[in-house]
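Try each task before reading its solution.

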Amino acid sequence: MTETTTDTPNVARAQSNGGLSHRRREFRRAVQSMIASRWALLGMLILVVVTLVAIFGPWLSPFDPNRQNLIMRLLPPGSPGPGDQTYWLGSDQLGRDVLSRLLYGARVSLLVGFAAIAVGGTLGVIAGLVSGYFGGWVDDVFMRLGDIQLAFPFILLAIMFLVVLGPGLVNMILVLGIGQWVTYARIVRAQTLALREKEYVEAARATGDRTPSILFRTILPNIMAPLTVIASFNVASVILSEAALSFLGLGVPPDVPTWGSMLSESRDHLLSNKWWMAVFPGLAIVFTVLAFNIIGDWLRDFLDPRLKENH
Amino acid sequence: MWTFLARRLMQSVVVVIGVTLISFISLQIGGDPTYLFVSESASTEEIETVRARLGFDRPLHVQYLSYVWNVLHGDFGVSLSYGQPAMQIVLEAMPATIELTIVSLVFAIGLSIPLGIYAALRRGKPADGGIMTLAMLGQSIPNFWMGIMMIMFFGLYWRWFPISGHVPFLEPLFEGDFSTAFRNLPQSLYYMIMPAIAIGTYTLARNARLVRSSMLEVLQQDYVRTARSKGISERRVIVNHALRNAWLPVVTMIGLEFGFVLGGVVVVETVFSYPGIGRLAFNAINQRDIPVVQASVILIAMIFIFLNLIVDLIYARLDPRVKY
């Protein structure tokens with residue numbers, strides 16, 4: 001008895017040390033692979049910049065993004081502003097600084113992107129694990145629900161709910177998140193079906209592990225690789241959807257600057273050639289989405305080298 | 001074949017019921033739906049009258065059944081801003097949307113297949129790298145921004161294409177006026193070029209990548225090696241052996257692409273002031289004209305379900321392994 005109590009922490013420590021060094025090795029391998037694939041490095045660089053901009057936006061912004069100055073409206077990039085300030089990327093129809101709004105917009109895009117994936121991922125993983133592990137009518141119900149949802153062009157579903165619920169950050173995250181659950185559920189279900197007959201899952205069952213523990217501690221860690229890849233691509237598509245919904249006026253309230261709503265406002269000034277209002281927010285979306293897509297591609301090759309052949 | 005058709009039809013019916021259920025829930029989710037059907041200045045009596053008229057005072061399951069009944073009869077209520085039946089307004093806008101969807105799909109799929117095959121055959125060469133880089137970029141550009149940029153450059157700066165408007169083709173065709181329809185066709189296409197490219201680029205990019213990887217996979221198969229070793233010309237190997245099999249995942253994908261294209265139509269029509277269901281829905285969203293929003297969304301969903309059914313049937317025809 002005493003042996004067991006003294007041994008267990010040692011074994012745990014040894015395992016955790018082993019785990020740590022394994023993780024360190026994996027991390028090093030990931031960094032090397034990323035440096036070798038220049039695209040992935042570029043994608044990561046863009047992501048780091050966008051994330052830093054999102055975090056430090058308020059300190060980096062030369063202006064308050066909502067401060068209107070009608071005398072200074074529709075100024076081209078580089079125009080001098082009040083005092084010794086400059087509108088580096090121009091000003092919009094209400095005299096607000098485009099650069100400051102762009103920096104703040106990064107927050108909404110990333111926040112909505114990650115939060116929606118967290119919502120959709122959690123729902124999808126739970127549904128997929130339960131469907132795959134138990135099968136039967138639970139599986140049928142979840143999968144048919146998924147079929148119905150996929151039979152709907154997603155943006156329409158989002159429009160329908162947001163029109164009724166009203167615009168807002170939380171509503172947007174919920175709608176976009178719920179829109180993503182099927183993707184995760186299908187992948188997790190397929191993987192769970194394959195894993196539930198494996199020896200180590202049998203072993204966990206035999207040692208009396210409870211079902212939630214088997215699902216979340218034994219099966220889930222083993223299917224994280226494909227989930228990570230899907231999540232990366234999904235953030236990209238959620239950011240695109242968020243921009244489209246904001247563009248349609250269904251996004252967050254008007255006092256929160258977003259790239260999509262900036263583009264929406266730019267439409268009224270195309271004829272008068274106020275190009276900066278349309279070009280910069282669009283480029284911000286393209287670069288961010290591109291970065292997530294590149295990282296997704298790289299992750300797929302890195303985590304599953306068998307797929308690399310054909311991509 | 002008939003069993004497969006019947007089973008697939010049954011599935012579509014279930015999905016249609018699901019669609020009505022989702023749209024019904026979307027109405028209820030924000031609280032009393034009566035407020036969605038009255039103007040903001042409506043008096044308490046008016047609200048009560050509308051509630052009773054639309055039946056929102058009845059139990060939910062009764063409301064749902066009557067909702068389904070109405071949807072099946074194309075009755076979405078009267079548009080709050082036009083004062084006409086919502087379905088009628090949406091149906092009038094439909095031919096323009098169908099035209100744009102078809103042109104976008106033809107553009108996207110017509111280009112993605114040769115580009116994907118070409119990239120696969122030039123694997124690792126600069127042409128492959130170039131096409132795949134462009135494809136990656138194409139998947140990252142929001143369709144509505146692409147539309148705005150095209151308006152700026154090709155519409156306003158170079159003045160190559162009209163920045164808005166539409167010349168009907170299907171509408172006179174449906175009315176049996178073939179001469180007008182075909183006289184309109186060149187102009188109709190001319191007006192649709194920019195919106196179709198904006199909508200189709202994402203699909204083009206994604207499909208080109210899919211065709212390429214599907215083709216690469218097939219090219220490594222034994223039967224392609226066998227065909228080559230028999231001395232068959234490379235062209236025949238690709239067309240008769242590789243392409244036939246690389247085709248299947250692409251057909252499945254095309255089914256899913258309808259959804260993206262139809263979703264894209266909603267946003268891009270707004271950019272180009274194109275008089276289809278998308279712009280109608282956009283205006284209805286802004287005016288909170290719920291009957292029109294619901295009719296538009298459900299009609300687009302129905303088109304999507306119908307097209308997917310057709311794609312599945314084509315797939316079953318192409319792949320003998322699909323059990324009937």
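**Exercise 1: a helix pair in chain B**

Ile131(B), Met132(B), Ala135(B) and Gly138(B) of α5(B) are in contact with Thr201(B), Tyr202(B), Leu204(B), Ala205(B), Ala208(B) and Arg209(B) of α8(B). Contact here means that C-beta atoms, placed from the backbone, lie within 7 Å. Helices (H or I, at least four residues) and strands (E, at least two) are DSSP runs, numbered from the N terminus. This is a predicted model, in which local features need pLDDT of at least 70, side-chain atom pairs count only at pLDDT 80 or more, and totals for chains, interfaces and linings use all residues. Residues are numbered from 1 along each chain as its sequence is written, while chains are lettered from A and ligands numbered from 1 in the order in which they are written.

Task: Classify the residues of this contact, then describe the geometry of α5(B) and α8(B).

Solution. 
1. Sort by class: Ala, Val, Leu, Ile, Met, Phe, Trp, Tyr, Cys and Pro are nonpolar, Asp, Glu, Lys and Arg are charged, and the others, Gly among them, are polar. The contact of α5(B) with α8(B) then has seven nonpolar residues, two polar ones and one charged.
2. Two packed helices are described by the angle between their axes and the distance between the axes. Axes are lines fitted to C-alpha atoms, for helices over the stretch in contact, and angles run from 0 to 180 degrees between N-to-C directions.
3. For α5(B) and α8(B) the angle is about 135°, and the axes are 8 Å apart. That makes α5(B) oblique to α8(B), given that angles under 35 degrees count as roughly parallel, over 145 as roughly antiparallel, 65 to 115 as roughly perpendicular and the rest as oblique.
4. The crossing of α5(B) and α8(B) is left-handed; left-handed means that the near helix is turned anticlockwise from the far one by less than a right angle, and right-handed that it is turned clockwise.

**Exercise 2: a helix pair in chain A**

Solution. 
1. Ile155(A), Ala158(A) and Leu162(A) of α5(A) make the contact with Ser241(A), Ala244(A) and Leu245(A) of α9(A). By class, that contact of α5(A) with α9(A) has five nonpolar, one polar and no charged residues.

**Exercise 3: from chain B to the complex**

Task: Summarise the make-up of chain B, then its contact with chain A.

Solution. 
1. Chain B has 12 helices and zero strands.
2. Chain B is divided into domain 1 (2-72) and domain 2 (86-318), with bounds from an automatic or database domain assignment. The C-alpha centres of these domains of chain B lie 32 Å apart. Their contact takes 10 residues from domain 1 of chain B and 11 residues from domain 2 of chain B.
3. Between the chains, 45 residues of chain B and 40 residues of chain A take part in the contact. On the side of chain B that touches chain A, α1(B) gives the largest share, eight residues. That side of chain B has 32 nonpolar, 11 polar and two charged residues.
4. As for confidence, the predictor gives the complex an ipTM of 0.85 and a pTM of 0.87.

Terms used. Contact = placed C-beta atoms within 7 Å.
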